[in-house]
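Reader: Hi! Could you walk me through this structure?
Author: Happy to, let's take a look together.

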Amino acid sequence: MALPVEEWRLCAARRWAALGPELREGLAAASLRDTVRLGCGLLRPEAELESLRRLCRRARAGKEAAAARFYREEGNRLFGRRQFGAAVRRYSRAASHELPGGPEVSICFANRSAALFHLGCFQVCLEDIARAESHGYPDRLLPKVLLRKAECLLCLGRLQDAADALDVVENKIAMDGIVTSPAHQTLLKKLSQLKIKIREKESCPEPAREARGDVQRKSEVWEENDSISGASSSLSLNFDVERGRHLVATQDILPGQSLLKEEAFVSVLCPGESHLLQDSSETVWDTRITNADLYCHRCLRQLLASVPCCGCSYAQYCSQNCADVAWEQYHGTECALGALLLTLGVFCHVALRTVLLAGFAEVRRLVEWSHDGDEDLHNPEARCKHLSETPGARAATRVIPGCNDDGQYQSSYQAVFNLLPHAEKHSPEHKFLCLLSVVAICKHLQEAGLEAAVLNQESSEKCSKPKTCEKTSGELSPELMIVAEAMLRHVLQLQCNAQAITVMQESGSGDGAVVNKKPVRLATAFFPVLSLLNHSCCPNISVSFNGTAATVRASQSIPSGQEIFHCYGPHRCRMRVAERRQLLSQYFFECRCRACLDELESDVKSVVSVRNSFCCPSCRALMQVGEDVLCCSNEACAVSVSRESLSHRLQDLQQQIKKALEQLRGRKADQAIKMLLNCQLDAENFLSPEHLLMGEMEDHLAQAYATLGKWREAARHLERSIEIVEKHHGPSSIEIGHELFKLAQILFNGFAVSEALSTIQRAEEILSVHCGPQSAQIQELQEMKTCLSELPRSILQRT
């Protein structure tokens, strides 16, 4: 959720409406500096701040013992049902609500280690056992956990360590005295069995496995640019008034060639809705799995056994190191603001974290520098002149905003600060909402005594000096006024410059032989160098992510002198030009890319219009577009149908498909197939054969047949889906790559060796261009290929 919760947006709208006309006009026309100065006192304690406090009580980000008990009991219940993966998630939630250092959190770690052991995650299990021990795990329960430790070590082939662990268990039992309880007898039996296993492995060691070449690590040729951090030497940074800053190819670029590798300057994980409950009086705890449960809140790596924050229940990390670094850099300040940041949305959170990472000294330097040219910052030509007057700027590169004194454009706070906020183009109401939100955060920082933490880049001597001007109760200090101005700038920048970090996430249950994945928004980030790329509805690059790092690759041949184009979302293959332009209006420009101009200047209908059209229910010819009534394009037929009736029919069809997918998720594949085949018959009567929904139904049928192990039927339906996807997106698109990946899985599982190998090769060629040779899908394809190539020749000949 990028923006604040709806109730806060409505509260800000009411406050805006209650302002006098002169004040509204003044705020609408004011610079960022004057906006903060004028608006700082508009947040009333008894009204807006009280409303915000009430909303924050819904966002449960603190430690709660009742929640810890609930999630631990849920974990135990799922463990009893042998749903170990789900149990791990519940134990992690329980640990996040427990206070650190107590026996309760140690029990969460120990229980989670048991679930991890059953999942075969032995190394992570050992880490959780160590956490349980370090947090004071009850002495009476320790032998059972130590036995699990020995089993893990045995499974990992660490025989001496396993033997040492067993000695510790035996000594522990001996020190505790002889107990004849059934549990103790079970423990002794387990101990004896482990000793036998260790002796057997020592006497008959497993033969050393030959190193397999199934993972081919292809090194990418890379020569970094001297003046643009993280960029290839095949690019140059240009600037003109019409296009602003942009990147241009300085040599011919091949498909798949890496053009940019950039670590996010700042990123914030997008939370799940479960953290924002509708009623603070409810005590029912949400069990939905969200991004907050699945990914590290700092590095965005996938979580298996999370390390919780010591102060809040929301932030979770992949390791203690990530937790420590996050605390040092920003979370030590953010931790107490968890509920407020969840309420005010990701954009406000990114703005605060940006300031914290930059440090107050750098923030103040750039904010004060911007005051010198406030009147020119909306004018690109005047802005360049203002930048050229910056002390130390070199003549050759001084006209490009964001470059440092040496003429280099780096992934730095200076580059972030110089991204355009478009303050004059945002609606006054939106600008006011952002103002109230950042002022609320700064007031909370001041009232909670966190101001010193925000100003930690200042010397202690300077921080201890008395303020030059007194502030009355409720006013912000001069330093926090600077912070508020910088944060307001960043929130406004994000509408046009935020980059969604996406990840391919499994859809459905994820327990089938064929894994269906879709891109999911994981985090919102500032990538200063990536932000240099202008938009095109037909881009020439693909962007992939690994944690907080973005990699840009050429998706097609790019000749020298051509600009490098990114797609902000609206793509020519996915929507009509009118829809694209409407969506792009949020970025404050009118798209004039080649795809838009070709579609506007010609009488030919867009690809999307033709392929996603209705067909005549009588003769199956395409229906001609009309306002209210659609007419058959076949003059001999002359059937006409109201647009409304066809739209209702399409909506009904989509509802039926949704019900079929619910049957599939409920493991009722036969029923799902029956429903989907009926949907197909209905769709053929009024949808174009190339309609994307026709392809989606084929894809769903392939998934259902694969669930039943009917691989040939699954492959047949998926091949039809691929034909439709290829007509929409092209034969070398990433969409085709993902579909071919699924087809390769089906053919692999169906033992169709020759077809699988050819499909794997085609999928590799496409996905390598878009995602690079190191991507998870490429590695899996290579593993399948290796497995198939190692089959006996007699089997290969039969297939």
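Author: One term to begin with: contact means heavy atoms within 4.5 Å. Helices (H or I, at least four residues) and strands (E, at least two) are DSSP runs, numbered from the N terminus. This is a predicted model, where local features need pLDDT of at least 70, side-chain atom pairs count only at pLDDT 80 or more, and totals for chains, interfaces and linings use all residues. Residues are numbered from 1 along each chain as its sequence is written, and side-chain values use heavy atoms, leaving out hydrogens and water.

Reader: Great! Which residues of H1 meet H19?
Author: In H1 they are Trp 8, Arg 9, Ala 12, Arg 15 and Trp 16. Their partners in H19 are Pro 428, Glu 429, Phe 432, Leu 433, Leu 436 and Ser 437. That contact has seven nonpolar, one polar and three charged residues. Here Ala, Val, Leu, Ile, Met, Phe, Trp, Tyr, Cys and Pro count as nonpolar, Asp, Glu, Lys and Arg as charged, and the others, Gly among them, as polar.

Reader: And at what angle do H1 and H19 pack?
Author: H1 (residues 6-18) and H19 (residues 428-447) pack at about 110°, with axes 9 Å apart. So H1 is roughly perpendicular to H19. Axes are lines fitted to C-alpha atoms, for helices over the stretch in contact, and angles run from 0 to 180 degrees between N-to-C directions. Under 35 degrees is roughly parallel, over 145 roughly antiparallel, 65 to 115 roughly perpendicular, and the rest oblique.

Reader: Okay, how do H26 and H27 cross?
Author: The axes of H26 (residues 643-665) and H27 (residues 669-683) come within 8 Å and cross at roughly 165°. That makes H26 roughly antiparallel to H27. Their contact involves 10 nonpolar, three polar and three charged residues.

Reader: What does UniProt list for residues 643-670?
Author: An unreviewed UniProt entry lists a "coiled-coil region" there; such annotations may be inferred rather than shown by experiment, and positions follow the numbering used here, with feature names shortened. The span is 89% helix and 0% strand, and its end C-alpha atoms lie 34 Å apart.

Reader: New topic: where does UniProt place "domain: MYND-type"?
Author: The unreviewed entry puts that feature at residues 296-335. This span is 38% helix and 10% strand, with its end C-alpha atoms 15 Å apart.
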